[in-house]
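Biologist: I would like to go through the features of this model one at a time. Please give the general idea before each case.

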Amino acid sequence: MKNRILNTLFLIAVLVLETALFAQQPNPPGQVQNGSKPKNEAYLFAHMTHTDYGRLYYSVSLDGLHWTNLNNGKRVFPEYQGHPDICKGPDGKYYIAGNTSDESPEINIWVSDDLITWKKHAVYAPDLKSTPDYSNALQRIGAPKLYYDKDSAKFMLTWHTPHKQGSKEDPEAYWASQRTLYVLSKDLKIFEGTPNRLFDWDMGTIDVFIRKVGDSYYAILKDETYPTLYWTTGKTIRIAKSKSLLGPYSLPQESISPNFREAPMLIPSPDDKIWYMYYEQYPGVSYGLSISDNLNGPWFQASGYTFYSDWDKYSLPEKARHGCMISISTKEYDSLVQKFGLTKTESNPKK
(Lines give C-alpha, C1' and ligand atoms only; values in the text may rest on other atoms or scores of the structure.)
Protein backbone atom coordinates (compact mmCIF):
# COMPACT_ATOMS: atom_id res chain seq x y z
CA MET A 1 0.00 0.00 0.00
CA LYS A 2 2.81 2.38 0.93
CA ASN A 3 4.62 1.69 -2.35
CA ARG A 4 1.42 2.31 -4.32
CA ILE A 5 0.97 5.72 -2.65
CA LEU A 6 4.60 6.64 -3.34
CA ASN A 7 4.26 5.58 -6.97
CA THR A 8 1.08 7.65 -7.32
CA LEU A 9 2.74 10.70 -5.80
CA PHE A 10 5.74 10.25 -8.10
CA LEU A 11 3.46 10.03 -11.16
CA ILE A 12 1.61 13.19 -10.12
CA ALA A 13 4.93 15.01 -9.66
CA VAL A 14 6.09 13.97 -13.14
CA LEU A 15 2.83 15.14 -14.72
CA VAL A 16 3.02 18.49 -12.92
CA LEU A 17 6.63 18.94 -14.07
CA GLU A 18 5.76 18.09 -17.69
CA THR A 19 2.86 20.52 -17.62
CA ALA A 20 5.12 23.26 -16.24
CA LEU A 21 7.83 22.58 -18.79
CA PHE A 22 5.61 22.47 -21.86
CA ALA A 23 2.70 24.72 -20.91
CA GLN A 24 1.81 27.38 -23.45
CA GLN A 25 3.15 30.70 -22.20
CA PRO A 26 1.40 34.07 -22.84
CA ASN A 27 2.15 35.65 -26.19
CA PRO A 28 4.05 38.95 -26.31
CA PRO A 29 1.88 42.08 -26.10
CA GLY A 30 1.51 44.50 -28.99
CA GLN A 31 -0.51 42.45 -31.46
CA VAL A 32 -3.83 43.73 -32.83
CA GLN A 33 -6.98 42.18 -31.43
CA ASN A 34 -10.41 41.27 -32.79
CA GLY A 35 -9.50 41.83 -36.43
CA SER A 36 -8.49 45.46 -35.92
CA LYS A 37 -6.22 47.01 -38.52
CA PRO A 38 -2.60 47.33 -37.34
CA LYS A 39 -1.01 50.77 -37.24
CA ASN A 40 2.28 49.16 -38.26
CA GLU A 41 1.28 46.87 -41.11
CA ALA A 42 4.50 44.98 -41.84
CA TYR A 43 8.25 44.96 -41.25
CA LEU A 44 11.51 44.55 -43.14
CA PHE A 45 14.67 43.08 -41.62
CA ALA A 46 17.71 44.05 -43.74
CA HIS A 47 20.60 41.92 -42.56
CA MET A 48 23.75 40.00 -43.36
CA THR A 49 24.29 36.27 -42.81
CA HIS A 50 26.76 34.18 -40.87
CA THR A 51 28.34 32.83 -44.05
CA ASP A 52 28.16 36.06 -46.07
CA TYR A 53 29.07 38.77 -43.60
CA GLY A 54 28.58 42.37 -44.70
CA ARG A 55 26.22 41.62 -47.61
CA LEU A 56 22.55 42.51 -47.95
CA TYR A 57 19.71 40.06 -47.34
CA TYR A 58 16.01 40.62 -46.62
CA SER A 59 13.52 39.00 -44.28
CA VAL A 60 9.95 40.18 -43.67
CA SER A 61 7.29 39.91 -41.00
CA LEU A 62 3.64 40.83 -40.55
CA ASP A 63 3.66 40.75 -36.75
CA GLY A 64 7.19 41.91 -35.86
CA LEU A 65 7.82 38.55 -34.19
CA HIS A 66 8.02 35.87 -36.87
CA TRP A 67 10.36 36.52 -39.78
CA THR A 68 10.68 34.82 -43.17
CA ASN A 69 13.67 35.12 -45.46
CA LEU A 70 13.22 36.45 -49.01
CA ASN A 71 14.92 35.59 -52.31
CA ASN A 72 15.61 31.98 -51.34
CA GLY A 73 18.39 33.12 -49.03
CA LYS A 74 20.31 35.00 -51.74
CA ARG A 75 21.62 38.58 -51.78
CA VAL A 76 19.04 41.20 -52.75
CA PHE A 77 21.51 43.93 -53.79
CA PRO A 78 24.96 42.53 -54.65
CA GLU A 79 26.65 45.95 -54.75
CA TYR A 80 25.99 46.63 -51.08
CA GLN A 81 28.65 46.07 -48.40
CA GLY A 82 28.47 47.03 -44.75
CA HIS A 83 26.25 46.66 -41.69
CA PRO A 84 22.82 47.37 -43.21
CA ASP A 85 20.98 50.40 -41.84
CA ILE A 86 17.99 51.91 -43.64
CA CYS A 87 16.38 55.29 -43.00
CA LYS A 88 13.31 56.89 -44.61
CA GLY A 89 13.83 60.51 -45.62
CA PRO A 90 11.35 63.41 -45.82
CA ASP A 91 11.05 62.79 -49.56
CA GLY A 92 9.59 59.32 -48.94
CA LYS A 93 12.74 57.68 -50.30
CA TYR A 94 14.81 55.11 -48.43
CA TYR A 95 18.53 55.56 -47.77
CA ILE A 96 21.01 52.87 -46.77
CA ALA A 97 24.54 53.41 -45.44
CA GLY A 98 27.47 51.03 -45.59
CA ASN A 99 31.22 50.69 -46.03
CA THR A 100 33.38 48.00 -47.58
CA SER A 101 35.22 47.40 -44.28
CA ASP A 102 36.10 49.22 -41.07
CA GLU A 103 39.44 50.15 -42.65
CA SER A 104 37.78 51.88 -45.60
CA PRO A 105 37.98 55.70 -45.39
CA GLU A 106 34.60 56.10 -47.11
CA ILE A 107 30.95 55.69 -46.19
CA ASN A 108 28.70 54.80 -49.12
CA ILE A 109 25.05 55.85 -49.29
CA TRP A 110 22.43 54.47 -51.71
CA VAL A 111 18.84 55.60 -52.28
CA SER A 112 15.68 53.71 -53.29
CA ASP A 113 12.04 54.46 -54.01
CA ASP A 114 10.83 50.95 -53.28
CA LEU A 115 13.49 49.05 -51.26
CA ILE A 116 14.05 46.91 -54.37
CA THR A 117 16.14 49.01 -56.75
CA TRP A 118 19.03 50.95 -55.18
CA LYS A 119 21.30 53.54 -56.79
CA LYS A 120 24.39 55.28 -55.45
CA HIS A 121 23.50 58.58 -53.78
CA ALA A 122 26.75 59.82 -52.23
CA VAL A 123 30.17 58.93 -50.85
CA TYR A 124 31.37 60.57 -47.64
CA ALA A 125 34.94 60.39 -46.34
CA PRO A 126 35.08 61.79 -42.78
CA ASP A 127 38.26 63.48 -41.58
CA LEU A 128 38.60 61.58 -38.32
CA LYS A 129 41.70 63.50 -37.22
CA SER A 130 39.71 66.73 -37.19
CA THR A 131 37.23 65.67 -34.49
CA PRO A 132 37.53 68.02 -31.48
CA ASP A 133 39.18 66.35 -28.46
CA TYR A 134 39.70 63.21 -30.52
CA SER A 135 42.75 63.92 -32.62
CA ASN A 136 44.20 60.49 -31.85
CA ALA A 137 41.34 58.64 -33.57
CA LEU A 138 42.36 55.66 -35.68
CA GLN A 139 41.25 55.52 -39.30
CA ARG A 140 38.43 53.08 -38.60
CA ILE A 141 34.72 53.47 -39.39
CA GLY A 142 32.38 50.96 -37.80
CA ALA A 143 28.72 50.29 -38.66
CA PRO A 144 27.52 53.66 -40.05
CA LYS A 145 23.85 54.35 -39.28
CA LEU A 146 21.31 56.93 -40.46
CA TYR A 147 18.56 58.86 -38.68
CA TYR A 148 16.32 61.62 -40.01
CA ASP A 149 15.37 64.26 -37.44
CA LYS A 150 12.11 66.01 -38.37
CA ASP A 151 12.65 68.87 -35.90
CA SER A 152 15.92 70.03 -37.44
CA ALA A 153 15.10 68.71 -40.94
CA LYS A 154 18.52 67.05 -40.98
CA PHE A 155 19.96 63.58 -41.27
CA MET A 156 22.36 62.35 -38.61
CA LEU A 157 25.03 59.86 -39.71
CA THR A 158 26.65 57.99 -36.81
CA TRP A 159 29.45 55.42 -36.58
CA HIS A 160 32.07 54.24 -34.07
CA THR A 161 35.82 54.83 -34.20
CA PRO A 162 38.58 53.63 -31.80
CA HIS A 163 41.58 55.56 -30.56
CA LYS A 164 43.75 52.69 -29.25
CA GLN A 165 45.31 49.67 -30.87
CA GLY A 166 44.70 46.34 -29.22
CA SER A 167 47.44 43.86 -28.39
CA LYS A 168 47.76 40.16 -27.64
CA GLU A 169 48.07 41.05 -23.98
CA ASP A 170 45.12 43.46 -24.03
CA PRO A 171 42.88 43.03 -27.09
CA GLU A 172 40.00 44.72 -25.28
CA ALA A 173 41.82 48.07 -25.26
CA TYR A 174 40.79 48.46 -28.88
CA TRP A 175 37.11 47.86 -28.21
CA ALA A 176 36.96 49.86 -25.00
CA SER A 177 38.39 52.84 -26.92
CA GLN A 178 35.48 52.95 -29.38
CA ARG A 179 33.64 56.28 -29.35
CA THR A 180 30.51 57.24 -31.29
CA LEU A 181 30.94 60.06 -33.83
CA TYR A 182 28.34 61.88 -35.89
CA VAL A 183 27.90 64.38 -38.70
CA LEU A 184 24.77 66.21 -39.92
CA SER A 185 23.43 66.76 -43.44
CA LYS A 186 20.29 68.15 -45.05
CA ASP A 187 20.50 65.90 -48.10
CA LEU A 188 23.16 63.24 -47.42
CA LYS A 189 25.28 64.79 -50.13
CA ILE A 190 26.81 67.79 -48.36
CA PHE A 191 27.89 67.18 -44.76
CA GLU A 192 28.23 69.91 -42.16
CA GLY A 193 31.69 70.51 -40.71
CA THR A 194 33.81 67.81 -39.16
CA PRO A 195 32.66 64.76 -37.16
CA ASN A 196 31.94 65.28 -33.47
CA ARG A 197 31.62 62.95 -30.50
CA LEU A 198 28.00 62.26 -29.63
CA PHE A 199 28.46 61.53 -25.93
CA ASP A 200 30.43 63.59 -23.43
CA TRP A 201 30.94 60.68 -21.04
CA ASP A 202 34.01 58.45 -21.39
CA MET A 203 32.79 54.96 -22.18
CA GLY A 204 33.20 52.58 -25.10
CA THR A 205 30.09 52.57 -27.32
CA ILE A 206 29.27 50.96 -30.67
CA ASP A 207 26.16 50.22 -32.78
CA VAL A 208 24.48 53.48 -31.76
CA PHE A 209 21.26 54.69 -33.36
CA ILE A 210 18.84 57.49 -32.43
CA ARG A 211 15.06 57.55 -32.10
CA LYS A 212 12.78 60.36 -30.94
CA VAL A 213 9.69 59.46 -28.92
CA GLY A 214 7.55 62.23 -27.48
CA ASP A 215 9.80 65.13 -26.58
CA SER A 216 12.87 62.99 -25.84
CA TYR A 217 15.69 61.57 -27.95
CA TYR A 218 16.89 58.07 -27.14
CA ALA A 219 20.32 56.71 -28.08
CA ILE A 220 20.21 52.92 -28.25
CA LEU A 221 23.75 51.59 -27.86
CA LYS A 222 26.03 48.74 -27.01
CA ASP A 223 28.15 49.28 -23.90
CA GLU A 224 31.53 48.17 -25.25
CA THR A 225 33.37 47.88 -21.93
CA TYR A 226 34.22 44.30 -20.99
CA PRO A 227 31.91 42.94 -18.25
CA THR A 228 33.38 42.43 -14.78
CA LEU A 229 32.14 42.42 -11.20
CA TYR A 230 32.79 46.15 -11.26
CA TRP A 231 31.24 46.87 -14.67
CA THR A 232 28.33 44.45 -14.87
CA THR A 233 26.73 46.26 -17.84
CA GLY A 234 29.62 45.48 -20.18
CA LYS A 235 28.77 44.15 -23.66
CA THR A 236 25.04 44.76 -23.20
CA ILE A 237 22.36 46.88 -24.86
CA ARG A 238 21.56 50.11 -23.00
CA ILE A 239 19.73 53.39 -23.63
CA ALA A 240 20.74 57.01 -23.02
CA LYS A 241 18.31 59.93 -23.12
CA SER A 242 18.37 63.62 -24.06
CA LYS A 243 16.04 66.55 -24.73
CA SER A 244 18.18 67.48 -27.73
CA LEU A 245 19.37 65.52 -30.75
CA LEU A 246 22.97 66.50 -30.06
CA GLY A 247 22.78 65.99 -26.32
CA PRO A 248 23.96 66.09 -23.68
CA TYR A 249 22.79 62.51 -23.19
CA SER A 250 22.23 60.99 -19.77
CA LEU A 251 24.38 58.14 -18.60
CA PRO A 252 22.84 54.97 -20.05
CA GLN A 253 20.13 53.08 -18.22
CA GLU A 254 20.70 49.62 -16.79
CA SER A 255 21.14 46.75 -19.24
CA ILE A 256 18.23 45.72 -21.43
CA SER A 257 19.97 42.54 -22.59
CA PRO A 258 22.26 39.90 -21.07
CA ASN A 259 26.03 40.32 -21.50
CA PHE A 260 27.67 39.67 -24.89
CA ARG A 261 24.86 41.08 -26.99
CA GLU A 262 25.19 43.68 -29.76
CA ALA A 263 23.62 45.23 -32.88
CA PRO A 264 20.29 46.30 -31.34
CA MET A 265 17.23 46.84 -33.54
CA LEU A 266 14.04 48.58 -32.40
CA ILE A 267 10.55 48.42 -33.92
CA PRO A 268 7.09 49.41 -32.69
CA SER A 269 4.53 46.63 -32.35
CA PRO A 270 1.64 46.28 -34.81
CA ASP A 271 -0.73 48.11 -32.42
CA ASP A 272 1.93 50.81 -31.87
CA LYS A 273 1.74 50.46 -28.08
CA ILE A 274 4.76 48.23 -27.41
CA TRP A 275 8.46 48.28 -28.30
CA TYR A 276 10.31 45.21 -29.58
CA MET A 277 14.09 45.39 -29.09
CA TYR A 278 16.10 42.69 -30.88
CA TYR A 279 19.82 42.06 -30.35
CA GLU A 280 22.33 39.45 -31.42
CA GLN A 281 24.19 37.04 -29.18
CA TYR A 282 27.45 37.05 -31.06
CA PRO A 283 29.14 35.62 -32.99
CA GLY A 284 25.92 34.66 -34.73
CA VAL A 285 24.73 32.34 -31.98
CA SER A 286 21.14 33.53 -31.61
CA TYR A 287 18.84 36.53 -31.24
CA GLY A 288 17.20 37.87 -28.11
CA LEU A 289 14.07 40.01 -27.82
CA SER A 290 13.25 42.42 -25.00
CA ILE A 291 9.85 44.06 -24.73
CA SER A 292 8.56 47.22 -23.08
CA ASP A 293 5.71 49.70 -23.36
CA ASN A 294 8.13 52.57 -22.71
CA LEU A 295 11.71 53.23 -23.83
CA ASN A 296 12.45 54.21 -20.24
CA GLY A 297 11.67 50.62 -19.24
CA PRO A 298 11.23 48.27 -17.54
CA TRP A 299 12.00 45.57 -20.12
CA PHE A 300 11.41 41.83 -20.08
CA GLN A 301 12.90 39.15 -22.31
CA ALA A 302 10.65 36.99 -24.46
CA SER A 303 11.30 33.30 -24.98
CA GLY A 304 12.69 32.36 -28.38
CA TYR A 305 15.36 30.49 -30.30
CA THR A 306 14.59 27.32 -28.33
CA PHE A 307 13.06 25.61 -31.41
CA TYR A 308 10.15 24.37 -29.29
CA SER A 309 6.83 25.72 -30.54
CA ASP A 310 5.37 26.13 -27.05
CA TRP A 311 8.27 28.34 -26.00
CA ASP A 312 9.27 30.27 -29.11
CA LYS A 313 7.38 33.55 -29.11
CA TYR A 314 9.51 34.92 -31.94
CA SER A 315 11.61 33.39 -34.71
CA LEU A 316 14.21 34.61 -37.20
CA PRO A 317 16.02 33.00 -40.15
CA GLU A 318 18.58 30.60 -38.78
CA LYS A 319 21.76 32.18 -40.18
CA ALA A 320 20.76 35.85 -40.00
CA ARG A 321 23.33 38.25 -38.56
CA HIS A 322 22.77 41.85 -37.58
CA GLY A 323 21.31 44.70 -39.58
CA CYS A 324 18.22 46.85 -39.10
CA MET A 325 14.46 46.49 -38.84
CA ILE A 326 11.97 49.06 -40.14
CA SER A 327 8.18 49.33 -40.42
CA ILE A 328 6.82 49.12 -43.97
CA SER A 329 3.36 49.25 -45.54
CA THR A 330 1.34 46.27 -46.72
CA LYS A 331 1.87 47.50 -50.27
CA GLU A 332 5.66 47.54 -49.80
CA TYR A 333 5.53 44.11 -48.18
CA ASP A 334 3.55 42.71 -51.11
CA SER A 335 5.97 44.27 -53.62
CA LEU A 336 8.98 42.76 -51.86
CA VAL A 337 7.36 39.33 -51.70
CA GLN A 338 6.31 39.55 -55.37
CA LYS A 339 9.83 40.57 -56.42
CA PHE A 340 11.91 38.20 -54.28
CA GLY A 341 9.51 35.49 -53.08
CA LEU A 342 9.16 34.05 -49.59
CA THR A 343 11.74 31.40 -48.81
CA LYS A 344 10.15 28.05 -48.02
CA THR A 345 11.31 26.49 -44.77
CA GLU A 346 10.72 23.01 -43.39
CA SER A 347 8.51 22.82 -40.34
CA ASN A 348 10.40 22.15 -37.11
CA PRO A 349 9.71 18.66 -35.74
CA LYS A 350 10.27 19.70 -32.12
CA LYS A 351 7.09 20.36 -30.18
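Modeller: Start with burial: a residue is buried under 20% relative accessible area, exposed over 50%, and partly exposed in between, with a 1.4 Å probe and protein chains only. This is a predicted model, in which local features need pLDDT of at least 70 and side-chain atom pairs count only at pLDDT 80 or more, while totals for chains, interfaces and linings use all residues. Residues are numbered from 1 along each chain as its sequence is written, and side-chain values use heavy atoms, with hydrogens and water left out.

Biologist: Is Lys-235 buried or exposed?

Modeller: Lys-235 has a relative accessible area of 4%, so it is buried. For its place, helices (H or I, at least four residues) and strands (E, at least two) are DSSP runs numbered from the N terminus. Lys-235 sits in the loop between strand S13 (216–223) and strand S14 (236–242).

Biologist: What does the side chain of Lys-235 make a polar contact with?

Modeller: A polar contact is a pair of N or O atoms within 3.5 Å; within protein, one must be able to donate a hydrogen and the other to accept it, and residues adjacent in sequence count only if both atoms are side-chain atoms. Here the partner is the side chain of Glu-224, at 2.9 Å. The C-alpha atom of Lys-235 is also separated by 6.0 Å from that of Arg-261, 26 residues apart along the chain.

Biologist: Is Lys-39 buried or exposed?

Modeller: Lys-39 has 65% relative accessibility and therefore counts as exposed. Lys-39 is in the loop between helix H1 (2–22) and strand S1 (42–49). Contact means heavy atoms within 4.5 Å. With neighbours within four places in sequence left aside, Lys-39 is in contact with Pro-270, Asp-271 and Asp-272.

Biologist: How should I read salt bridges, and how many does a search of the whole structure find?

Modeller: A salt bridge is a side-chain nitrogen of Lys or Arg within 4 Å of a carboxyl oxygen of Asp or Glu. The search of the whole structure finds 16. One of them joins the side chains of Glu-280 and Arg-321 at 2.5 Å, N to O. This pair links distant parts of the chain, with Glu-280 in strand S16 and Arg-321 in strand S19 (residues 320–328), 41 residues apart. Both Glu-280 and Arg-321 are buried. Salt bridges that share partners also join Glu-172, Lys-222, Glu-224, Lys-235 and Glu-262 into one network.

Biologist: Which residue does Arg-75 meet in a salt bridge?

Modeller: The side chain of Arg-75 meets that of Asp-52, at 2.7 Å from N to O. Arg-75 is in the loop between S3 and S4 and Asp-52 in the loop between S1 and S2, so the pair ties together parts 23 residues apart in sequence. Arg-75 is partly exposed, at 32% relative accessible area, whereas Asp-52 is buried, at 16%.

Biologist: Now the aromatic rings. How many aromatic pairs does a search of the whole structure find?

Modeller: Rings of Phe, Tyr and Trp (its six-membered ring) pair if their centres lie within 6.5 Å; planes under 30 degrees apart count as stacked, over 60 as edge-to-face and the rest as tilted. The search finds 18 aromatic pairs. Among them, Tyr-58 and Phe-340 are edge-to-face, at 5.9 Å centre to centre and 85° between the planes. The pair links distant parts of the chain: Tyr-58 belongs to strand S2 (residues 57–61) and Phe-340 to helix H3 (residues 330–340), 282 residues apart. Tyr-58 and Phe-340 are both buried. Elsewhere, ring pairs link Tyr-43, Phe-45, Trp-67, Tyr-278, Tyr-287 and Tyr-314 into a cluster.

Biologist: What should I look for in the backbone?

Modeller: Most residues other than glycine have a negative phi, and most peptide bonds are trans. Asn-71, not a glycine, has a positive phi of about 60°. Asn-71 lies in the loop between strand S3 (68–69) and strand S4 (85–88). Asp-207, in strand S12 (residues 205–213), has a positive phi near 55°. As for peptide bonds, a cis bond joins Tyr-282 and Pro-283, with omega about 0°. The bond from Gly-297 to Pro-298 is cis, with omega near 0°.
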